[in-house]
Amino acid sequence: MMTDNPKLSASIGRHGAYIWETKRILEKYVEAESYDAVKEAVLEENLLRKGSERYREDILTEIASRYNIDKSGYTETPLVRAFKLPLSESVTDWLIYYEFSQDKLVYYLTTEFLYSQFHKGALSIKKEDVIQFLEDSTEDYSVVESWSDNTKLSVAEHYLAAMKNFGLMEGNTTKQFQYVYPPNELVLYVLYSLFDQGVTTSDEVIEHPDWKLLLLSPEDVRERLQDVSPSHVQYEKRGSVERLEPKYDSLMRCVDEF
């Protein structure tokens with residue numbers, strides 16, 4: 001869950017989505033239960049198939065930071081736990097996407113710009129649209145004023161490329177929205193992430209901006225909650241009265257039931 005007015009970083013303009021690389025690193029981390037073993041596999045055995053050792057190390061550092069991988073040893077986060085399960089690649093890709101989207105700039109662009117454009121009926125997005133949105137955001141995020149034109153262009157290009165790589169969009173120069181239907185596992189992952197953060201009332205949960213990362217409106221969220229109730233959560237809506245109660249005491253416990 002993002003805090004109010006977070007400081008934005010343009011780091012996405014220097015790094016890609018790294019979906020394939022992230023999966024290889026997480027798989028190795030789960031297999032070896034050791035960050036040192038992952039580092040050795042990346043740097044010495046070229047796990048990521050990159051030519052430069054410096055580039056390999058940069059990618060490993062970025063992914064470890066992005067997904068809160070414990071560099072001092074081995075710690076199971078909900079995402080790491082999910083990689084121990086026999087889940088489909090489609091599901092793990094979506095889980096990676098949700099965690100990737102917690103980057104403050106990605107979160108801001110998706111919840112405030114992309115979601116709005118999608119629900120206004122826009123069919124496509126150009127990098128110039130992203131740049132214009134960023135330039136219109138300087139009153140709230142003054143750091144954008146310090147970004148060069150090249151930085152803003154790189155941010156826009158890498159952001160839209162990430163949205164394409166994760167399957168929310170398609171196309172080359174101009175990106176078009178794709179129809180997406182996030183799997184129930186992702187719906188539960190987001191839901192129990194919110195529960196873990198103390199977001200518990202039905203109104204708070206359903207209206208939470210995290211759902212915008214999946215391009216889901218409040219009505220969409222209600223439909224998806226019906227899909228996972230009562231197996232993994234208790235959800236009822238009768239008229240204007242809604243009831244939402246977790247079945248598990250944590251996201252980690254929920255992941256175990258995927």
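Three strands form an open, antiparallel sheet in the order β1-β3-β2. Strands are DSSP runs of E with at least two residues, helices are runs of H or I with at least four, and both are numbered from the N terminus. Strands β1 (124–125) and β2 (169–170) stand at the edges with a single partner strand each, so one side of each has no neighbour in the sheet. Pairing requires at least two DSSP bridges between two strands. Strand β2 pairs with β3 (residues 175–177) over two bridges, in the antiparallel sense. Here E170 stands opposite Q176 in β3.

The model is predicted: local features need pLDDT of at least 70, side-chain atom pairs count only at pLDDT 80 or more, and totals for chains, interfaces and linings use all residues. Residues are numbered from 1 along each chain as its sequence is written, and side-chain values use heavy atoms, without hydrogens or water.

Helix α3 (residues 53–66) contains E62. E62 has a relative accessible area of 17%. It is therefore buried (under 20% relative accessible area; exposed is over 50%, partly exposed in between; 1.4 Å probe, protein chains only). Contacts are heavy atoms within 4.5 Å. Leaving aside residues up to four places away in sequence, E62 touches H15 and Y18. The E62 and H15 side chains also make a polar contact at 3.5 Å (N or O atoms within 3.5 Å, one able to donate a hydrogen and the other to accept it; residues adjacent in sequence count only if both atoms are side-chain atoms).

K152 lies in helix α8 (residues 149–165). K152 is buried, at 10% relative accessibility. Beyond residues up to four places away in sequence, K152 touches I131, E135, V144 and W147.
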